[in-house]
Amino acid sequence: MTTPQPLQIRRRATGGETEIELSLDVPSDLEYVGPAVELIADELPGGPLSLRRIRFNFRTAFAEALANAIAYGNRRDPGRVVRVRVEVARDAVRLHVTDEGNGFDPADVPDPTLPERLEREDGRGLFVLRSLVDHVAFNEKGNSVCLTLRAG
Amino acid sequence: MSFSLKKDKHGVVVVGVDGQLIVGNRQELKQKVLDALDGGGKKFVIDFTKTGYIDSSGLGVLVSLSKKIREQGGDLRLCGLNEDLQTLFELTKLDTLFAIVRTPEEALAAF
């Protein structure tokens with residue numbers, strides 16, 4: 001897959017509890033989801049998360065959060081970006097994904113495993129997200145999510 | 001990241017998912033399988049042996065393909081799921097919707 005403009009990852013050592021911070025601005029085009037996930041996952045230092053959790057939990061949860069931010073938050077508006085910030089600490093990796101949309105109420109999202117919803121094509125993103133990480137926190141507006149994967 | 005399609009000697013269409021099945025490439029998989037369905041394919045196996053991860057859009061496209069194949073009187077089987085992917089299907093209860101077997105050989109033998 002080719003992307004029309006290269007993604008630029010920024011990396012800084014922070015000191016304190018967070019040792020390294022990675023950040024990335026992602027254009028509001030779903031074609032960027034896969035490349036952005038690979039770029040960040042490849043830059044994650046070994047240590048807090050096992051390779052298996054990086055390969056599956058981190059990548060899948062990140063792809064979900066990013067796709068939601070691009071499609072539902074920024075409504076694929078090319079004038080908007082999704083800001084990604086990853087804090088790598090000894091005890092956890094925290095992934096912040098923030099869009100420029102109006103937010104939503106996660107409590108309004110129905111359970112996709114209900115029998116009447118099982119054969120629907122969409123509506124599983126938030127459920128998958130919650131299943132794969134240790135903690136999910138939205139800001140009050142609902143346009144920024146912080147996913148926490150504890151070390152292990 | 002790509003999809004391979006091949007037909008075995010019994011006419012079973014075997015689709016390999018290499019890398020990931022996510023929002024950015026799910027339409028490509030959907031189109032390839034629908035083309036094979038239009039071309040007379042009835043029996044389909046999707047092999048995830050070489051798949052790293054699947055997001056909810058990828059799961060959604062599998063649900064959609066399963067319905068379309070069934071509507072045409074066909075049959076879809078999934079195989080090659082690693083432990084993590086198997087868990088994803090179980091959490092979302094999609095393991096109750098799909099015929100899932102361990103290996104491509106088992107999938108082919110089950111038709």
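This is a predicted model: local features need pLDDT of at least 70, side-chain atom pairs count only at pLDDT 80 or more; totals for chains, interfaces and linings use all residues.
Residues are numbered from 1 along each chain as its sequence is written, chains are lettered from A and ligands numbered from 1 in the order in which they are written, and side-chain values use heavy atoms, with hydrogens and water left out.

**View 1. Helix H2 of chain A and its kink.**
Helix H2 of chain A covers residues 51-73 and has a kink of about 30 degrees centred on A:Phe58. The bend at a residue here is the angle between axes fitted to the seven residues ending there and the seven starting there. Helices (H or I, at least four residues) and strands (E, at least two) are DSSP runs, numbered from the N terminus. Of the 23 residues in H2(A), 18 are buried, so this helix is largely enclosed by the rest of the structure. For these labels, buried means under 20% relative accessible area, exposed over 50%, and partly exposed in between (1.4 Å probe, protein chains only). Just past the end of H2(A) sits A:Arg75, with a positive phi of about 50 degrees.

**View 2**
Between them the two chains bury about 2300 Å², 60% of it on carbon and sulfur atoms. Which three residues supply more of the area that chain A buries against chain B than any other three? They are A:Phe56, A:Glu119 and A:Glu121, with 28% of that area. Buried area is the accessible area (1.4 Å probe) that two parts lose on being put together, summed over both.

**View 2. The chain A side of the interface, element by element.**
Across the interface, four residue pairs are in polar contact, both residues at pLDDT 80 or more. A polar contact is a pair of N or O atoms within 3.5 Å; within protein, one must be able to donate a hydrogen and the other to accept it, and residues adjacent in sequence count only if both atoms are side-chain atoms.

Chain A and chain B share five salt bridges, each a side-chain nitrogen of Lys or Arg within 4 Å of a carboxyl oxygen of Asp or Glu. One of them pairs A:Arg52 with B:Glu83, the closest N and O atoms being 3.7 Å apart. B:Glu83 lies in helix H3 (residues 83-91) of chain B and A:Arg52 in helix H2 of chain A, so the pair joins two chains. B:Glu83 is exposed at 58% relative accessibility, while A:Arg52 is partly exposed at 39%. B:Lys30 also forms a salt bridge, with A:Glu121, at 3.9 Å between the closest N and O atoms. That pair runs from helix H1 (residues 26-38) of chain B to the loop between strand E4 (92-98) and H3 of chain A. B:Lys30 is buried at 15% relative accessibility; A:Glu121 is partly exposed at 28%.

Over all chains the count comes to 22 salt bridges. In one of them, A:Arg85 meets A:Glu21 at 3.7 Å, N to O. A:Arg85 is in strand E3 (residues 81-89) and A:Glu21 in strand E2 (residues 18-27) of chain A, so the pair ties together parts 64 residues apart in sequence. Is A:Glu21 buried or exposed? A:Glu21 is buried, with a relative accessible area of 12%, whereas A:Arg85 is partly exposed at 31%. Salt bridges that share partners join A:Arg12, A:Glu21, A:Arg85 and A:Glu87 into one network.

**View 3. B:Ser57 in helix H2 of chain B.**
B:Ser57 belongs to helix H2 (residues 56-71) of chain B and is buried, with a relative accessible area of 14%. Leaving aside neighbours within four places in sequence, B:Ser57 is in contact with B:Ile22, B:Val23 and B:Arg26.

Notes:
Contact means heavy atoms within 4.5 Å.
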